[in-house]
Amino acid sequence: MFSWQTQPLTGLNFIGMVIGAVVVLAILLLVVMYLIFFLRKVVAWMQNRIGPNRVGPWGLFQSMADVLKLLLKEDIVPAKADRALFLVAPIIAFVPAFTVLAVIPYTAGHIFTAGLNIGVLFYIALSSITILGIVLGGWASNNKYSLVGGLRSAAQMISYEIPLGMSVLGVVMLAGSLNLTTIVQQQATDRFGWYIIPQIIGFVVFMIAAVAELNQTPFDLPEAESELVAGYFTEYTGFRFAFYMLTEFVYLFAISALATTLFLGGWLGPWLPSWLWFAIKTSAVIFFMFWLRATMPRLRVDKLMGFAWKVLIPVALFNILLTGLLSLLV
Amino acid sequence: METLHSEEMILNIGPQHPSTHGVFRLVVTIDGEQIVAADPVVGYLHRGTEKLAESLQYTQIIPYTDRLDYVAAMLNNYALVHTVEYAMDLEIPERAEYLRVIVMELNRVASHLLFVGAYLLDLGAMSPFLYVFQEREMIVQLFNEICGARLTYNYMRVGGVKWDAPPGWLAKVRDFLPHMREKLKMYDALISGNEIFLSRVRGMGVITQEEAVAYSLSGINLRSTGLRFDLRKKRPYGIYDKFAFDVVVGQNGDCFDRYWCHFLEMEQSLNIVEQALESIPDGPVLGKVPKLIRIPAGEYYTSIEGARGELGVYIVSDGKDKPYRMKLRRPSFVNLQILSKLLIGQNMANMIAILGAVDIVLGEVDA
């Protein structure tokens with residue numbers, strides 16, 4: 001199978017890589033834009049509304065119009081903000097969001113997937129950097145709501161990263177690899193089938209932790225509009241605000257893709273082309289998250305930490321133990 | 001080693017804030033995320049209704065009352081005309097009284113529905129808000145048909161109501177009742193058992209009976225503590241003594257009880273409307289009232305059970321066609337006083353849950 005990693009670094013290959021990366025990035029950007037549209041439509045249907053339907057046919061260009069609007073807005077920096085940090089924070093949050101997408105194997109061919117041997121670790125490590133961008137943004141804004149929002153984010157995301165990482169360990173133990181491509185290939189031949197079956201506990205923990213990581217309802221405390229106005233990005237306008245929004249949606253896509261890869265067999269599936277299977281499964285996970293968004297109230301902030309440390313982490317640890325025992329005994 | 005220095009932070013919530021339900025400002029002092037002190041600042045919506053009333057004839061004051069508790073304007077209308085009628089000792093046509101009860105109780109349902117939706121919105125659930133608006137819309141449409149307005153009704157007059165129900169209107173209300181009951185059951189099933197919701201409202205913002213009385217709370221804030229006090233029963237005005245209904249009370253006086261009382265009270269209101277529809281007589285809707293309404297010199301106070309508590313109107317008359325002084329007892333304003341006490345020691349995140357459950361309408365707080 002063709003892989004960029006085995007190719008010599010010639011000028012032509014380099015150009016090929018760059019073009020490939022740009023194409024993947026452009027496609028993903030389009031996907032993410034339509035995620036916003038998808039969210040608004042899904043939530044609208046669940047709330048007996050119509051949702052966006054004015055811009056373009058069936059409102060399909062709504063997201064484009066929104067992004068364009070944000071780009072045209074004035075980029076306001078509050079007078080007493082920490083200027084340098086304020087400007088750089090959205091970028092710190094944004095860059096890792098796209099970087100983690102490099103390791104996701106979208107298709108069976110996965111030509112433009114970085115086949116890192118430590119793919120899972122790479123994802124979890126890089127996605128943590130975003131927290132830095134969020135805390136910095138909240139702090140640099142010199143706004144109390146932003147600060148509280150940023151601090152809440154930090155506490156929440158760090159707490160939930162641990163169960164997230166632990167829930168993945170079960171999969172890694174079964175597959176015997178940290179490489180996401182290998183994990184999917186293993187699921188094709190595993191006797192239990194896709195890892196959602198032997199790793200159902202891990203999957204549940206993963207999904208809960210993922211929703212919390214994404215600051216999604218019911219864990220949307222950092223941007224609880226009824227308390228904190230908009231949370232850490234209260235003071236942001238224009239394209240810097242768009243950066244934060246995009247970060248959120250890119251992560252939504254990335255974590256759904258990761259869930260698909262780890263637990264739902266990635267691109268595996270009969271008849272249809274592999275990329276379509278991947279798209280269907282990822283969409284299903286994304287739909288599930290939107291569903292939560294439309295139905296759940298917000299958790300209480302003091303229960304939030306307790307839940308991560310007292311419930312999710314022990315369950316995730318138990319799952320690791322169970323997986324170990326299973327692979328020893330069965 | 002130096003001791004770690006920490007200080008309290010003052011956070012200005014409002015007057016422009018998404019969940020203060022209007023232009024309400026709350027100055028909270030927080031230590032970390034814990035509230036040390038909370039100081040409500042009101043008056044951003046003050047329009048001087050009481051002062052304005054002094055230069056208006058009694059009929060002219062009625063539209064001003066619409067703007068007090070703007071989600072339950074029918075009840076405000078009634079509070080004023082009831083006091084004037086009481087002062088003049090007027091005889092009200094039977095049909096007018098029935099129509100008043102029907103619209104008032106429907107308005108109470110609409111108001112409580114809005115509370116349920118807005119409260120859940122405060123707690124981070126967006127959908128209930130949009131759902132309850134569908135039923136509220138039906139009620140508002142009914143009002144639109146009977147008085148031509150959706151929010152500021154100006155429907156009641158001293159001595160009766162302005163318009164009789166249009167043909168078929170009563171039947172429409174009758175059709176609405178089973179629909180509403182069904183929806184209430186659905187909302188109850190969807191919301192009341194939600195674990196996240198319960199964890200945020202159970203045992204939160206507890207008011208004891210003594211506190212409630214000491215703070216002069218009324219309405220659901222008072223009844224949620226278990227005190228059976230409803231002016232419709234305690235001091236029946238109009239024709240409320242003709243209807244059988246229960247006074248809903250809570251047990252613990254927490255936010256959940258307040259939410260739950262709203263729910264149960266809607267059912268009771270629907271029962272009242274149903275009974276009123278059964279026995280509504282024919283006849284005139286406006287009694288014999290002098291062209292120029294004058295109240296004999298003296299002081300008069302009556303109060304009704306508004307959507308948020310005891311809604312009272314106190315009129316001092318010097319025998320002219322305008323009040324010498326009018327004072328409104330606005331339940332939202334009185335109920336708000338306990339907020340500072342409830343918030344102390346609470347987490348920031350609970351602030352909205354508690355503020356929401358006290359259920360204030362800023363038009364009424366500021367008058």
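In this predicted model, helix α5 of chain B, residues 127-147, packs against helix α6 of chain B, residues 169-192, at an angle of about 165°, and their axes lie 11 Å apart. Because an angle over 145 degrees counts as roughly antiparallel, α5(B) is described as roughly antiparallel to α6(B). The crossing in which α5(B) passes α6(B) is left-handed. On the α5(B) side the contact is formed by B:Pro128, B:Glu135, B:Met138, B:Leu142, B:Glu145 and B:Ile146. The residues of α6(B) that they meet include B:Trp169, B:Phe176, B:Met180 and B:Tyr187, together with B:Lys172 and B:Lys183. By class, this contact of α5(B) with α6(B) holds 10 nonpolar and 4 charged residues, and no polar ones.

Helix α5(B) also packs against α4(B). The axes of α4(B) and α5(B) come within 9 Å and cross at roughly 160°, and the two helices are therefore roughly antiparallel to each other. Their crossing, too, is left-handed. The contact of α4(B) with α5(B) divides into 19 nonpolar, 1 polar and 2 charged residues.

The contact takes 26 residues from chain B and 25 residues from chain A. On the side of chain B, the residues comprise 15 nonpolar, 8 polar and 3 charged.

Chain B as a whole provides the setting for these contacts. Its secondary structure comes to 15 helices and 8 strands. The C-alpha trace of chain B spans about 85 × 50 × 35 Å along its principal axes. For 367 residues, a compact globule would have a radius of gyration near 21 Å, and the value of 21 Å for chain B agrees with this. Of the residues of chain B, 49% count as buried. Among contacts between residues at least 6 apart in sequence, 69% join residues of chain B at least 24 apart.

A:Val135 is placed in helix α4 of chain A, residues 119-140. With 24 other C-beta atoms within 10 Å, A:Val135 is buried, because 20 or more such atoms are required for that class. Leaving aside neighbours within four places in sequence, A:Val135 is in contact with A:Gly150, A:Ser153 and A:Ala154. A:Leu151 is 16 residues from A:Val135 in sequence, and the two are 6.3 Å apart in space, C-alpha to C-alpha.

A:Asn48 has a positive phi of about 55° although it is not a glycine, and it is found in the loop between α1 (11-46) and α2 (62-72) of chain A. A:Trp271, likewise not a glycine, has a positive phi of about 60° and lies in the loop between α9 (238-263) and α10 (274-295) of chain A.

Methods
Residues are numbered from 1 along each chain as its sequence is written. Chains are lettered from A and ligands numbered from 1 in the order in which they are written. This is a predicted model: local features need pLDDT of at least 70, side-chain atom pairs count only at pLDDT 80 or more; totals for chains, interfaces and linings use all residues. Axes are lines fitted to C-alpha atoms, for helices over the stretch in contact, and angles run from 0 to 180 degrees between N-to-C directions. Helices (H or I, at least four residues) and strands (E, at least two) are DSSP runs, numbered from the N terminus. Angles under 35 degrees count as roughly parallel, over 145 as roughly antiparallel, 65 to 115 as roughly perpendicular and the rest as oblique. A crossing is left-handed if the near helix is turned anticlockwise from the far one by less than a right angle, and right-handed if clockwise. Two residues are in contact if their C-beta atoms, placed from the backbone, lie within 7 Å. Ala, Val, Leu, Ile, Met, Phe, Trp, Tyr, Cys and Pro count as nonpolar, Asp, Glu, Lys and Arg as charged, and the others, Gly among them, as polar. The radius of gyration is taken over C-alpha atoms; the globule rule is 2.2 Å times the number of residues to the power 0.38. A residue is buried if 20 or more other C-beta atoms lie within 10 Å of its own, exposed if 12 or fewer, and partly exposed in between; C-beta atoms are placed from the backbone.
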